Amino acid sequence: MTTRGVLYVHAATSALCPHIEWAAAGALGVRVKLEWSPQPASPGMYRAELSWQGASGTGAKIASALRGWMHLRFEVTEEPSPGCEGARYSYTPTLGVFHAVTGVHGDIMIPEDRIKAAVVKASLGEADLEEEMRRLLGAPWDEELEPFRYAGDGAPVRWLHQVV
């Protein structure tokens, strides 16, 4: 099954830009050349977007190829496809990777075991239930990435189709 998605590089140093292209190319199996533009939310950093098409699970491959890099903030989305839910991956150097399963309307779908675990932690006094739910929804990642998202309004988007 094929699906589509977008890689949003919200902020990267100029030295990382070619490495990001190589990592994305390795995950996609095709050459990648991004159009980099300055990131107004973080002077000295750059941003780019890449729309892609590929096999289900390609979003995870892209996120795995880029995770753990300092001086990089990114998100990868993958649309649902027949028999597969969608996905969203968000990454910041301070928070690490956030992964969420998304439904056909883009809503985050939290597995019941994760909700049950949050309720148990809260009932034992180990965590605040509201804060646990915020983490399950990716709120800390959204808060950190939001200024970078708005700074990218009007930026060029490039489509890339993977040969399957």
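Student: Which residue does the side chain of Glu143 meet in a salt bridge?
Tutor: This is a predicted model, so read each contact as computed. A salt bridge needs a Lys or Arg side-chain nitrogen within 4 Å of a carboxyl oxygen of Asp or Glu. Here the N to O distance is 2.7 Å, and the partner of Glu143 is Arg134.

Student: Is Arg134 buried, partly exposed or exposed?
Tutor: Buried means under 20% relative accessible area, and exposed means over 50%. Arg134 has 26%, so the residue counts as partly exposed.

Student: Which residue in helix H5 pairs with Glu75?
Tutor: Glu75 sits in strand S4, and its partner lies 74 residues away, in helix H5 (residues 139-151). The pair links distant parts of the chain. Their side chains meet at 2.8 Å, N to O, and the partner is Arg149.

Student: Which residues share one salt-bridge network with Glu75 and Arg149?
Tutor: Salt bridges that share partners build this network. Glu75 itself is buried, at 6% relative accessibility. Besides Glu75 and Arg149, the network joins Arg88, Asp142 and Glu146.

Student: How many salt bridges does the whole structure hold?
Tutor: Glu49 and Arg47 supply one of them, at 2.9 Å, N to O. Glu49 is buried at 11% relative accessible area, and Arg47 is buried at 2%. A search of the whole structure gives 12.

Student: Which strands pair with S1?
Tutor: S1 spans residues 2-12, and eight of its 11 residues are buried. Ala12 stands opposite Tyr46, across an antiparallel pairing of nine bridges with strand S3. Leu7 has Val76 as its bridge partner, within an antiparallel pairing of seven bridges with strand S4. The partners are S3 and S4.

Student: How many disulfides are there?
Tutor: Two cysteines come up here. Cys17 is buried, at 7% relative accessibility. Cys84 is partly exposed, at 30%. A disulfide needs two cysteine sulfur atoms within 2.5 Å, and the count is zero.

Student: Which residues make the nonpolar surface patch of about 200 Å²?
Tutor: Start from helix H3 (residues 112-123), where Val119 lies. Val119 is partly exposed, at 41% relative accessibility. Patch members need over 30%. The patch is made by Ile115, Val119 and Leu129.

Student: How far apart in space are Lys33 and Val104, C-alpha to C-alpha?
Tutor: Lys33 lies in the loop between helix H1 (17-28) and strand S2 (37-38). Lys33 is partly exposed, at 45%. In sequence, Lys33 and Val104 are 71 residues apart; in space, the distance is 30 Å.

Technical notes
Residues numbered from 1 in each chain as written. Predicted model: local features only at pLDDT ≥ 70, side-chain atom pairs only at ≥ 80, totals over all residues. Heavy atoms only, no water. Patch = residues over 30% accessible without salt bridge, like charges linked within 9 Å, V, L, I, M, F, W, Y side chains within 5 Å. Areas by Shrake-Rupley, 256 points an atom, 1.4 Å probe, with all protein chains shown as cover. Helix = DSSP H or I, 4+ residues; strand = E, 2+ residues; numbered from the N terminus. Buried < 20%, exposed > 50% of the residue type's maximum accessible area, 1.4 Å probe, protein only. Pairing = 2+ DSSP bridges.
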